[in-house]
Amino acid sequence: MTNKNNYILSCNDIYKSYQMGATRLDVLRGVNLDVSRGEFVAVRGASGSGKSTLLHIFGALDTPDKGGVFFEGQSLARFSGGKINEFRNKKIGFVFQFYHLLDELTVLENVLLAKMAGASALGWFVASDAAKKRARQLLDEMGLSQRVRHRPFQLSGGERQRVAIARALMNEPDIVLADEPTGNLDSQTGSGILKVFEKLHRQGQTIVMVTHDERIAAKAQRVIKLADGRISAAY
Amino acid sequence: MYDILLPIKFFFRRRITILAVLAVALCVFTVVVVMTVMNGLVTDFTDKNHTFFSDCIISTDSLVGFGLYDEFMSRLEKTDFVASVAPVINAFGLVESESSGKNAALDLMGIDIARHIKTTDFADSLYYRKDTPMLAFKPVYDTNLPGCIVGVDLLVERQKSGQYSQLSFLPAWSYLITCFPLTPKGALAKTGTQLSANSKTFYYSDNSNSGLAKIDSTVVYLPFDSLQSLCGMDVGTKRTNAVFVKFKKGCDIDVCTQKVSGLWQDFIKEKGDFAFAGLFGTISVQDWKTYRRGTIAPMEKEQTMLILLFALVGLITVFIIFVIFYMIINRKSKDIGILKSLGVSRFGILRVFLRLAFLIGLFGAAVGILFALVFLANINRLEGWLFDKFGFQMWNREIYAIGEIPHRTVPLLLLAVAACAVAACLLGALLPTLSAAGRKCVDVLRVNQL
């Protein structure tokens, strides 16, 4: 049996189904996947193949019906509610297809939100200067230094996604989980976003990216293909 | 920190929160205005009763009255808590205007003017003799004539504006007042086999505007000795049927009333062998509010009813906030998913939305109170303008004895309303917020992903 301690993130025989009215929808049917530290893994599959569900389970946004998810060898099922929140905040950085930025906050505040979510008022008072410095630095790296005071609706799709990536990186997470990060962008903008992920990977960031696009998946170190809730191919 | 930043941002950058603030403000405005006016009316009415009837009343409903009152009054005056005392006779009589020939059965009140103006605020109710109340029973056109003071509504017409059409001079009107004297045993006094009636002519010397509609429209005031004589209460041991007592400043009315009651009990025990001691049995010693409870209680009941009705307004506020928060949270469900994906706990989500509710309540209350204060400060001017332009009045002043619309706000009421508004917002927001906090972020995010 594989030693799960060797992987930063792994899942063991994952099953997940949803009840859609009278119909039971089996989304994942026995998925096994191990992700090593610093690896760039792409999960490919058609719509409804269960790739987003797998990503949500990896990020503790959802729980499997059966099977286990392990972070550095520790089962997420054994984490308390507080530890799960800490795991989401400190260890995972999410990037969503539709950016999911808060419209009421500026670009800078959206990026800082990840840090704020994990800090008490006193902790924030102590750490806010350093956090703002890091957020500005990240936005600078994303080419958004001129946009820090803008609100999301004032940005293009590509810019919004780069803000979302900056937010995901704010707490220096162990893993970035990206769910179709280019799915809502034109090909040129999408290429720009992919380059950001490639750069992050080169810097040693572990990335698990969900996509249905073979060309995008090809940029990853390893590609896992999901079909009918199972891994149908890995290359 | 997010739980401070987000409520502030949601509050200032969401148009729907303006709706919520306006809804709260409108409810607060309505409650403050109506409660202030109603509270003012009740307070004004009770204050007028208090100043008219003094602090404590020793009285009997019997028209026969009771004797030895002057001896008891002397005892009261010697205590360290009584400021002044005044005997009062309440009786009925036939009043006939000698100029017009019209007559009516009216309430008569016999007062010792020197004592009465010390014990009550009666002097303030006079029109012609306000500054010289000691001369109130002396008509200015001939101070040797026996005077009577007439309740203002009996003689003077009230204008639509609420002002009385007082004459600049005192007309020399005379009234023949007839009473049926009673013996100390309660029987009608007789002369031979005929029932006797005492009559005397009095001259209009002033009118009294106490602000108490029933009194101002039914009572004619006569000098105490004169009415005592007309009612046959000066035969043998002199009698009265009420003594008004005013306590010294700072004295607790309830405590002092108890003391007066104790002194009275001692007094009637001591006077047990008095020929008409039986008359003492009908006497009660009451503080002014108990004495006037029949008149004050309905108004206070109305006020209580109004508070209950406004509790319903409070429920409506809770429901409005509930609906608005339901809408806000439905619109913010994506944000809740995002926050949870960033590691925000259930309680963190609760804090965000309950703080938003708190801000809505606080601002709504502040706006509502501010507008209510401005409105109340100008309510009489506004009513005057409406009356001048359109003939509209809140109350027809020809019918209701209300002068200005009360507009003095009570800080405690404002604080209570503001606290209730905030509490209503928190209550209204609680269910949708609890439901939002309990949602699985993946459900929200998945829906949005489709």
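1. In this predicted model, the contact between the two chains draws 25 residues from chain A and 22 residues from chain B. On the side of chain B that touches chain A, the elements giving two or more residues are helix 1, helix 12 (333–341) and helix 16 (441–449) of chain B. Helix 1 of chain B gives the most to this side, with 6 residues. Sorted by class, the side of chain B that touches chain A holds 12 nonpolar, 5 polar and 5 charged residues.

2. Helix 1 of chain B also belongs to a helix pair within chain B. The axis of helix 1 (residues 2–13) of chain B comes within 8 Å of the axis of helix 13 (residues 346–377) of chain B, and the two cross at roughly 45°. Helix 1 of chain B and helix 13 of chain B are therefore oblique to each other. The crossing in which helix 1 of chain B passes helix 13 of chain B is right-handed.

3. The residues of this helix pair can be listed by side. Helix 1 of chain B makes the contact through D3(B), L6(B), P7(B), F10(B) and F11(B). Helix 13 of chain B makes the contact through G348(B), R351(B), V352(B), R355(B), L356(B) and L359(B). By class, the residues of the contact of helix 1 of chain B with helix 13 of chain B are 7 nonpolar, 1 polar and 3 charged.

4. At the level of domains, chain B is divided into domain 1 (2–46 + 296–449) and domain 2 (61–282). Taken over C-alpha atoms, the centres of domain 1 of chain B and domain 2 of chain B are separated by 51 Å.

5. Chain A contains an open sheet of 4 strands in the order 2-1-4-5, with antiparallel pairing. The edge strands, each of which pairs on one side only, are strand 2 (23–35) and strand 5 (74–75) of chain A. Strand 1 (residues 9–20) of chain A runs antiparallel to strand 2 of chain A, and 10 bridges join the two. Within this part of the sheet, C11(A) stands opposite L33(A) in strand 2 of chain A.

6. Helix 1 (residues 51–58) of chain A packs on the sheet, where this helix touches strand 1, strand 2 and strand 4 (66–71) of chain A. The direction of helix 1 of chain A makes about 120° with that of strand 1 of chain A.

Notes. Residues are numbered from 1 along each chain as its sequence is written. Chains are lettered from A and ligands numbered from 1 in the order in which they are written. This is a predicted model: local features need pLDDT of at least 70, side-chain atom pairs count only at pLDDT 80 or more; totals for chains, interfaces and linings use all residues. Two strands pair if DSSP finds at least two bridges between them. Two residues are in contact if their C-beta atoms, placed from the backbone, lie within 7 Å. Axes are lines fitted to C-alpha atoms, for helices over the stretch in contact, and angles run from 0 to 180 degrees between N-to-C directions. Angles under 35 degrees count as roughly parallel, over 145 as roughly antiparallel, 65 to 115 as roughly perpendicular and the rest as oblique. A crossing is left-handed if the near helix is turned anticlockwise from the far one by less than a right angle, and right-handed if clockwise. Ala, Val, Leu, Ile, Met, Phe, Trp, Tyr, Cys and Pro count as nonpolar, Asp, Glu, Lys and Arg as charged, and the others, Gly among them, as polar. Domain bounds come from an automatic or database domain assignment.
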